[in-house]
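I opened a new page in my notebook today.

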Amino acid sequence: MTAPITFGLSSEARNLHWLLTNLVEEVPGLLSVAVVSSDGLLLLSSDPGRNAEAREAREERPQGPRGSAADLATIVSGIGSLTIGAAKLMEFGGVKQTMVAMAEGSLFVMSISDGSLLGVHGSPDCDMSVVAYHMALFVGRAGHVLTPELRSELRKSLEAESQRETEAAGSRR
């Protein structure tokens with residue numbers, strides 16, 4: 001995992017980065033983790049350095065999603081919207097967690113607050129109950145600090161990081 005750049009961020013943003021890093025390091029089998037805003041924008045990622053690698057791989061071989069944080073954010077947002085719509089249709093209340101088990105891995109989506117979502121992509125051998133437990137801990141710790149101001153700060157931080165990656169990639173060519 002690439003360490004995120006947290007210089008210049010508020011203490012709340014640094015704490016949220018720390019919580020995400022802690023989640024990834026403590027739970028075996030996690031491949032990628034993303035925090036997504038209610039409008040589908042990536043706010044926080046477990047592996048920001050992989051974004052540039054994934055973009056370069058797609059440019060060389062245009063195929064489907066390759067596991068970058070932006071791809072995970074898109075998938076999490078879509079699944080979140082689908083399950084929220086299903087819950088409204090069924091009139092069973094809000095969605096707490098969604099899990100998709102696949103042959104080669106798992107995807108977990110959990111509501112944080114105000115429509116924000118935590119998405120986790122796990123390997124085939126990850127223990128789903130352990131992942132769900134640690135996601136719930138993350139949500140419990142992060143939910144109250146994920147204010148509109150913090151979401152805005154995280155989004156601006158990701159945009160600045162993406163700009164630096166683009167400039168660095170341009171200078172290498």
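**Entry 1: terms and ground rules.** I count helices and strands as DSSP runs, numbered from the N terminus: a helix is H or I with at least four residues, a strand is E with at least two. This is a predicted model, so I note that local features need pLDDT of at least 70 and side-chain atom pairs count only at pLDDT 80 or more, while totals for chains, interfaces and linings use all residues. Residues are numbered from 1 along each chain as its sequence is written, and side-chain values use heavy atoms, with hydrogens and water left out.

**Entry 2: the whole chain.** I looked up the elements. The chain has five helices and five strands. From the N terminus on, I read α-β-β-α-α-β-β-β-α-α. Next came burial (buried means under 20% relative accessible area, exposed over 50%, partly exposed in between, with a 1.4 Å probe and protein chains only). Of the 173 residues, 43% count as buried. The chain exposes about 9500 Å², and carbon and sulfur atoms supply 56% of that area. These areas come from the Shrake-Rupley method with a 1.4 Å probe; for residues, only the protein chains shown count as cover. Then I checked contacts, meaning heavy atoms within 4.5 Å. Among contacts between residues at least 6 apart in sequence, 61% join residues at least 24 apart.

**Entry 3: the sheet.** In what order do the strands of the open sheet lie? I find S2-S1-S5-S4-S3, five strands with antiparallel pairing. Two strands pair if DSSP finds at least two bridges between them. S2 and S3 are the edge strands, each pairing on one side only. Neighbouring strands are turned by 15 degrees against each other on average, direction ignored. For such angles, axes are lines fitted to C-alpha atoms, for helices over the stretch in contact, and angles run from 0 to 180 degrees between N-to-C directions.

I then took the pairs. S1 (residues 30-36) and S2 pair in the antiparallel sense over three bridges. Ala34 has Ser45 in S2 as its bridge partner. A hairpin connects S3 to S4 through two residues. Met102 has Gly105 in S4 as its bridge partner.

**Entry 4: helices on the sheet.** I followed two helices across the strands. H1 lies across S1, S2 and S5 (117-122), at about 155 degrees to S1. H4 lies across S1, S3, S4 and S5, at about 25 degrees to S4.

**Entry 5: helix against helix.** How do H1 and H4 run relative to each other, roughly parallel or roughly antiparallel? The axes of H1 (residues 11-26) and H4 (residues 128-142) come within 11 Å and cross at roughly 170 degrees. H1 and H4 are therefore roughly antiparallel. My cut-offs: under 35 degrees is roughly parallel, over 145 roughly antiparallel, 65 to 115 roughly perpendicular, and the rest oblique. Leu16, Leu19, Leu20, Leu23 and Glu26 in H1 meet His134, Met135, Phe138, Arg141 and Ala142 in H4. By class, this contact has seven nonpolar, one polar and two charged residues. Here Ala, Val, Leu, Ile, Met, Phe, Trp, Tyr, Cys and Pro count as nonpolar, Asp, Glu, Lys and Arg as charged, and the others, Gly among them, as polar.

H1 also packs with H5 (residues 148-172), at about 70 degrees, with axes 10 Å apart. H1 and H5 are therefore roughly perpendicular. Glu12, Ala13, Leu16 and His17 of H1 make the contact with Leu150, Glu153 and Leu154 of H5.

**Entry 6: single residues.** I picked Leu16 in H1. Leu16 counts as buried because its relative accessibility is 1%. Leaving aside neighbours within four places in sequence, its contacts include Leu44, Phe138 and Leu154.

Leu43 sits in S2. Leu43 is buried too, at 2% relative accessibility. Leu43 and Ser157 are 114 residues apart in sequence, yet 8.5 Å apart in space, C-alpha to C-alpha.

My last stop was Glu91, in the loop between H3 (69-90) and S3 (97-102). Is Glu91 buried or exposed? Glu91 counts as exposed because its relative accessibility is 69%. Its phi is near 55 degrees, a positive value in a residue other than glycine. Most residues other than glycine have a negative phi.
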